[in-house]
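Here are my notes on this one, jotted down as I went through it. Have the viewer open while you read.

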Amino acid sequence: MSEKRATPLLDELEKGPWPSFVKELKKSADTPAVNDLLGQLERSYEEKIGHWKHGGLVGVMGYGGGVIGRYSDLQAEFPECAEFHTLRINQPAGWFYTSDALRTIADIWERHGSGLTNMHGSTGDIILLGAKTQALEPIFAELTAAGFDLGGSGSDMRTPSCCVGQARCEWACYDTMGACYDFTQTYQDELHRPAFPYKYKLKFAGCPNDCVASVARSDMAFIGTWRDDIKVDNEGVRAAAAGGVDIQKEICDMCPTRCMAWDGSTLAIDNSNCVKCMHCINVLPKAVKPGDDRGAAILIGAKAPIVGGALLSSVFVPFIKMEPPYEDLKELISRIWDLWAEHGKNRERVGEFIQRIGLGNFLEQIGLDPVPEMISAPRSNPYIFFGDEVSEGGQA
Amino acid sequence: MAATVEQVAEAMFQLVKETHGKKSLKAMDLTKAMIEKFGEAECNKDLCKQAIRQLMDSGRCIYSYFGGSFITLPPDQA
Ligand code: SF4
Ligand code: SF4
């Protein structure tokens with residue numbers, strides 16, 4: 001084993017009471033690849049430039065996604081991390097594992113790779129960091145034999161992800177894990193064989209709390225919601241008030257549409273103006289709950305770039321029942337993919353494509369009627385342009 | 001009669017070979033080229049999808065990533 005790399009700059013990142021990735025990396029510094037990784041990283045901090053090149057021809061037979069090629073541009077100096085590819089492994093829905101499954105993944109990874117993992121990456125996948133090219137097929141063979149599969153990368157459908165949903169959360173308005181699993185299985189071809197202009201992410205959140213950040217991080221978000229009235233147990237509201245919650249200040253005044261009224265004994269909600277933000281439900285979990293007529297809103301077009309220009313998604317379908325086999329949704333997805341795959345530019349996300357061609361044209365092409373809920377913020381209307389027949393004489 | 005998966009895969013392979021080093025092709029570029037070559041009555045997107053899968057599973061083509069996913073020849077055949 002080569003000598004331990006000196007890392008005076010990285011050492012600074014170990015100081016302080018917070019978690020440190022340097023501290024964690026150093027625990028594995030006996031692994032030659034990690035030792036060289038620390039050396040190369042130190043160099044990057046000295047020179048203030050990255051020394052990784054990514055992309056290229058690496059992958060496993062038959063698949064176009066799941067492996068992200070990563071090479072050092074200082075290969076002579078840091079030979080043990082000259083090839084340091086990333087593998088994305090499709091995580092189980094809701095990120096539930098048995099300890100046995102975790103041990104299996106860890107054992108395979110220690111046998112063939114650096115042993116470094118990121119549980120989980122921002123995509124949701126299990127991330128295995130640091131494999132040599134020749135190790136990729138053996139890792140893939142062992143992972144698939146153990147029941148795992150690679151996730152997405154490149155211009156494909158990325159690994160769908162979901163919140164824990166009904167497995168652990170009373171607010172889940174549909175079975176997020178079931179939907180995530182179903183769509184993952186349906187779109188195996190799109191996941192493994194990139195055929196799009198760029199990535200396409202599906203994320204499933206059981207309620208508007210959106211614990212998977214789907215509104216900001218997915219091209220297509222399925223966010224649980226309800227269309228009947230919020231369920232209020234006024235006994236519970238009074239108990240919360242007696243327990244110190246200032247219902248007027250903390251609930252009514254913070255409702256974004258001010259659709260609630262509290263007279264000291266009854267909490268009244270004008271449900272026609274409720275935008276399902278979850279605020280009152282989050283603060284009064286024992287007294288206020290989502291309605292019974294539950295489903296999801298479908299939003300399209302988010303993009304979260306590293307540097308700037310984040311794009312949030314917009315409502316496309318205000319409410320749909322989320323019931324297998326999700327035929328209407330799959331039909332909608334296939335119409336979107338057909339249009340975008342054919343006319344999108346390289347590296348153009350679907351949200352950017354919609355911005356370029358205009359929402360009206362996009363809706364027309366995919367055969368979806370505009371509805372008033374297609375807005376970027378409540379009580380605004382940036383998309384719908386009324387035709388001459390509507391605006392003539394200023395009369396609708 | 002519709003073209004077969006094998007015929008489309010072979011035509012795609014030839015196109016990848018001819019353009020190798022000159023033009024990077026994405027799955028949709030191949031699909032459009034095949035529909036144009038065989039005609040809409042003979043060839044469609046689904047058939048092209050199957051043909052691409054065959055090219056990948058047989059190892060005749062591989063995917064590359066250079067700011068986007070492209071279909072290319074394996075290094076030993078390029
Ligand atoms: S998104 Fe909603 S349903 Fe899902 S885990 Fe979070 S709070 Fe629960
Ligand atoms: S869910 Fe939000 S909008 Fe609806 S009543 Fe509660 S606080 Fe108001």
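Predicted model: local features only at pLDDT ≥ 70, side-chain atom pairs only at ≥ 80, totals over all residues.

1. What does A:Glu46 pair with? Its side chain meets that of A:Arg43 in a salt bridge, at 3.9 Å from N to O. Both residues sit in helix α3 (residues 32–47) of chain A, and because they are 3 residues apart there, about one helical turn separates them. As a reminder, an α-helix has 3.6 residues a turn, so residues three or four places apart point the same way.

2. Is A:Arg43 buried or exposed? At 18% relative accessibility, A:Arg43 counts as buried, since the cut-off for that label is under 20%.

3. A:Arg43 also forms a salt bridge with A:Glu77, with 2.2 Å between the closest N and O atoms. A:Glu77 lies in the loop between β3 (70–72) and β4 (85–89) of chain A while A:Arg43 is in helix α3, so this pair ties together parts 34 residues apart in sequence. A:Glu77 itself is partly exposed, with a relative accessible area of 37%. Put together, A:Arg43, A:Glu46, A:Glu47 and A:Glu77 are linked in a network of salt bridges.

4. Another pair to look at is A:Glu170 with A:Lys289, whose closest N and O atoms are 3.2 Å apart in a salt bridge. A:Lys289 counts as partly exposed at 28% relative accessibility. Over all chains, the search of the whole structure finds 28 salt bridges.

5. Now the sheet. Chain A has 5 strands in an open, mixed sheet, ordered β7-β8-β9-β14-β15. The edges are β7 (161–162) and β15 (314–320), each pairing on one side only. Within the sheet, β8 (residues 202–205) and β9 (residues 220–226) pair in the parallel sense over 4 bridges, and A:Leu202 stands opposite A:Met220 in β9.

6. Finally, helix α12 (residues 327–343) of chain A lies across β8, β9, β14 (294–300) and β15, running at about 150 degrees to β9. The helix has 17 residues and reaches 24 Å from first C-alpha to last, close to the 24 Å expected. Its buried residues include A:Leu332, A:Ile336, A:Trp337 and A:Trp340, and A:Lys330 is among them too.

How values were computed:
Residues numbered from 1 in each chain as written. Chains lettered and ligands numbered in written order. Heavy atoms only, no water. Pairing = 2+ DSSP bridges. Helix = DSSP H or I, 4+ residues; strand = E, 2+ residues; numbered from the N terminus. Contact = heavy atoms within 4.5 Å. Axes fitted to C-alpha atoms, helices over the stretch in contact; angles between N-to-C directions. Expected span 1.5 Å × (residues − 1). Buried < 20%, exposed > 50% of the residue type's maximum accessible area, 1.4 Å probe, protein only. Salt bridge = Lys/Arg side-chain N within 4 Å of Asp/Glu carboxyl O.
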